Amino acid sequence: MGPDNVKIIQYLVDTRDLWPRATKTKDLENEASRALALLTEDEKKAVLRYYFVADAKMSLASHLLKHWVVSKYAGVPWWETKLTRDEKTKPIYRDPATGRQPVAFNVSHQCGIVALAAVAGYEGQVDVGTDVVCTTERRARDHRVVNTEGWGRFVDMHADVFGRSEARFLKSDVLGGGTTQAGLPALARGEEIVDFKLRCFYTLWCLREAYVKMTGDALLAPWLKDLEFRGFRAPSPGLAGFGQRPDGEAAAAAEVIKDHEVLFRGERVDDANICLRSLGPDYMTCTAVRTPGRKEDALGWDLGPFEFLGMERILEDAEARLG
């Protein structure tokens, strides 16, 4: 396919209300039997190995999405979407006839939401990373740590996965002089300030996770300290109920941020297209893409809002492509 046929694919699956009668992971064997039947035996075992049913549901949706995006956008029958891993252990699909990857994809999940980002139809190498975070999932625990040990200690507990300047920025500069930062209420006090600091913390986590996943490395990569997001800012909380404004309105409301100052070993990173956006009041997503052979290709792609994808549509598409 030529550059005009490249498709940017971004979907979300909300698993929180799926299979409501499954109160334990083992219940999914009956309640989600239709979905489980579309996985390999190893994938089923991986799903049912989770202790908490919420985690198992996210894992199930994640597995389905990877097969779904390959089958739908590469035109591959469902049972021929054989997923393997590249040299960095990142899940991929290779066309057995050509050895190429017709669809590059990445998934992430947290607090019931599963995110998929993918690029289909690009003729060269394309790297994709995505992340979804919930800023309030651990709110009670986070506040307890901050209140008992201090904000600086909270940041230091995670500093080993941040860049050299990032922890310092979080500890001393993140408030930006008080009320200038989007999302920080005027005259904020106490818990409101802690909530805003935590939102900035999870913003940085989301940015870094998406970027690192784009590279194919993990958060244990030896170069993590060499990657820095300078002067990052948190997007303003989004609309209730996961409503998403058009990008122009969202940018004006500071709910989507596409301009980032990224440095690697002191040199500016200029080949990554990175889009951070709010998803409702408590979630945010980040997608990062690059095309190493022609950096201008990925930089020109529009990383718009994610769309929600219903489980019924995934299952119907899969069953229609069983081959």
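Visitor: Which residues touch the most other members in the largest nonpolar core?

Guide: Trp 151, Leu 170, Tyr 211, Phe 229 and Ile 274, out of 42 residues in that core. A nonpolar core here is a set of buried Ala, Val, Leu, Ile, Met, Phe, Trp, Tyr and Cys residues joined through side-chain atoms within 4.5 Å. Buried means under 20% relative accessible area, exposed over 50%, and partly exposed in between (1.4 Å probe, protein chains only). This is a predicted model: local features need pLDDT of at least 70, side-chain atom pairs count only at pLDDT 80 or more, and totals for chains, interfaces and linings use all residues. Residues are numbered from 1 along each chain as its sequence is written, and side-chain values use heavy atoms, with hydrogens and water left out.

Visitor: Which elements each supply at least two residues of this core?

Guide: α5 (139–149), α6 (151–156), α7 (166–172), α8 (191–215), β7 (227–230), β11 (273–279) and β12 (283–290). The most comes from α8, with 13 residues. Helices (H or I, at least four residues) and strands (E, at least two) are DSSP runs, numbered from the N terminus.

Visitor: What does Ile 274 touch?

Guide: Not counting residues up to four places away in sequence, Ile 274 touches Leu 207, Tyr 211, Phe 229, Ile 257, Lys 258, His 260, Val 262, Cys 286, Thr 287 and Ala 288. Contact means heavy atoms within 4.5 Å.

Visitor: Pockets next. How much space lies in the largest pocket?

Guide: About 1,100 Å³. On a 1 Å grid over the protein atoms alone, a pocket is an open set of points where a 1.4 Å probe fits, with protein on both sides within 12 Å along at least five of seven lines; lining residues have an atom within 4 Å of a point. The volume is the space filled by probe spheres set on the points.

Visitor: Switching to His 63. Buried or exposed?

Guide: Buried, because its relative accessibility is 15%. His 63 sits in helix α4. Beyond its neighbours within four places in sequence, His 63 contacts Leu 39, Glu 43, Ala 46 and Val 47.

Visitor: Last one: where is Ile 92 found?

Guide: In strand β3. Ile 92 counts as buried, at 5% relative accessibility. Ile 92 and Val 103 are eleven residues apart in sequence and 8.3 Å apart in space, C-alpha to C-alpha. Neighbours within four places aside, the contacts of Ile 92 include Leu 83, Arg 85, Gln 101 and Phe 105.
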